[in-house]
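Work through the exercises below with the sequence and the coordinates at hand. Each task is followed by a solution in steps.

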Amino acid sequence: MANSNLPRRIIKETQRLLSEPAPGISASPSEDNMRYFNVMILGPTQSPYEGTFVQLLIGGVFKLELFLPEEYPMAAPKVRFLTKIYHPNIDKLGRICLDILKDKWSPALQIRTVLLSIQALLSAPNPDDPLSENIAKHWKTNEAEAVETAKEWTRLYASGA
Amino acid sequence: MGNTMQKSQETKVAELGQLQQEEDSNFSCEICIEPMLSIRKFKNGSLCKHPFCKDCIAKYIEVTVEETTGCIECPGLNCRQLLDPLSCRHIIPKPIFEKWCDRLCDSAVLGSESCYCPHRDCSVLVLNECRDKLKKAKCPNCKKNFCFLCKIPWHAGYRCNESRHLRDSNDILVGELIEEKKWTRCYNCGHSVERVSGCRDIKCKCGVQFCHQCGGPFHFGSFHSHQVKGRLTVAPSRKVDSGYPPLHVSVLTREAGAGIINFIKDPDPAWFTKQLNLISFFKVNEAFPSCIVT
């Protein structure tokens, strides 16, 4: 059973994520597997990933999956975008190039801090350390156009549906 | 499977109550997020004071020691301090600590130029501590000369690029004579020249000009950096009275099939600590006599 012997740290983190969610972020564990989280991140304002206002905020909702491996918190969680996104540090499979998910992981980081870092990555794309070569190239040669494409993709795919 | 969720929520509620009882203890470990009594707090020497409990740090070291070169960073966010091996020694199992020492030692040796003494009855690990290019070197253990560059016994009178040629015993004797008489062989024709007096600029009978000091083409006024004397340190023959604990180099020497040996008979501690930033490492080994082989 995946949920038996769930470490206390995971239980506590889950409780806190549910009771005090970080702004623009929701994360809830799957019923079948408490190590598997369904995550939604709102595209930050002033970024190409924010939703559009038509009386209400529409779109700009990115779905992710987050999995806590057996070794967590000694090993980093595995996070992936499920929603298509046009971002130089995220590839077409949704994999994220973020140092804290790799070699800069520290057990003092938590699910919350990881998700906040991903949200920050949406505000500050870094085409100098790309995961998608083509998107990074686009970003460096014609940033305005790349931002337009990112907005277009946000409209098309990040509806939250 | 739906029940699982319910069950875990019940456990959660029960645990929450338990947690609130514990809330008045002294600190909260940033890894297990548990409230802890200060007696359980890990202290990283005087380096940093991030709140982690001893159990979590021990687990962290156990996982991390496999992946590092021996320098384990404090898991505190944005903390660049390294964990002090001495402060951790009593909280981690002995095999983990020994592995950590091995890693530190590997990285220490890999950082400097090293070579095994080519004399078969010696074969100790020799380190070049002067960071200059070194050729002729005297093994501090067997006191025999060898070439640090070619890693073979010293090729007296011959250059490195000639040293691999097959030579009979007469060639070797001539080579030794050349060296003893301080003759220099022309880089072009190989002819030996004795300098009785005058400058180092030798016009050879083959037509080229060469430097009598190095045997290479003549160079006006430039330094003979190759004349800098090297400092070598060596692995075996532990001198307990030298005042420096021997280091533990099991991994490297296992490769060479020599078992555990000690190296650095008489290191310059200032150089060594500055170079490798391993002050605590010396202490570690000092406190760990099982590493030492006589």
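**Exercise 1. Charges over rings**

Find the ring face over which R89(B) lies, and the ring over which the charged end of K84(A) sits.

Solution. This is a predicted model, and side-chain atom pairs count only at pLDDT 80 or more. Step 1: R89(B) lies over the face of F97(B), and the distance to the ring centre is 5.8 Å. Step 2: for K84(A), the ring is that of Y157(A), with the charged end 5.2 Å from its centre. Step 3: a charge sits over a ring if it is within 6 Å of the ring centre and within 35 degrees of the ring normal.

**Exercise 2. An aromatic pair and its cluster**

Classify the aromatic pair of Y86(A) and W139(A), and state which parts of chain A it ties together.

Solution. Step 1: over all chains there are seven aromatic pairs. Step 2: in the pair of Y86(A) and W139(A), the rings are 6.4 Å apart, centre to centre, with 25° between the planes. Step 3: planes under 30 degrees apart count as stacked, and the pair of Y86(A) and W139(A) is stacked. Step 4: Y86(A) lies in the loop between strand 6 (78-81) and helix 2 (111-123) of chain A, and W139(A) in helix 3 of chain A, so the pair ties together parts 53 residues apart in sequence. Step 5: Y86(A) is buried at 10% relative accessibility, and W139(A) is buried at 6%. Step 6: Y86(A) and W139(A) form one aromatic cluster with W153(A) and Y157(A).

**Exercise 3. A loop residue of chain B**

Is E30(B) buried or exposed, or in between? State its contacts beyond four places in sequence.

Solution. Step 1: E30(B) lies in the loop between strand 1 (27-28) and strand 2 (35-36) of chain B. Step 2: E30(B) has a relative accessible area of 30% and is partly exposed. Step 3: leaving aside neighbours within four places in sequence, E30(B) is in contact with R9(A), P107(A) and A108(A), and with P51(B) and F52(B). Step 4: P75(B) is 45 residues from E30(B) in sequence and 9.2 Å from E30(B) in space, C-alpha to C-alpha.

Note on methods
Residues numbered from 1 in each chain as written. Chains lettered and ligands numbered in written order. Predicted model: local features only at pLDDT ≥ 70, side-chain atom pairs only at ≥ 80, totals over all residues. Heavy atoms only, no water. Helix = DSSP H or I, 4+ residues; strand = E, 2+ residues; numbered from the N terminus. Buried < 20%, exposed > 50% of the residue type's maximum accessible area, 1.4 Å probe, protein only. Contact = heavy atoms within 4.5 Å. Phe/Tyr/Trp six-rings, centres within 6.5 Å; stacked < 30°, edge-to-face > 60°.
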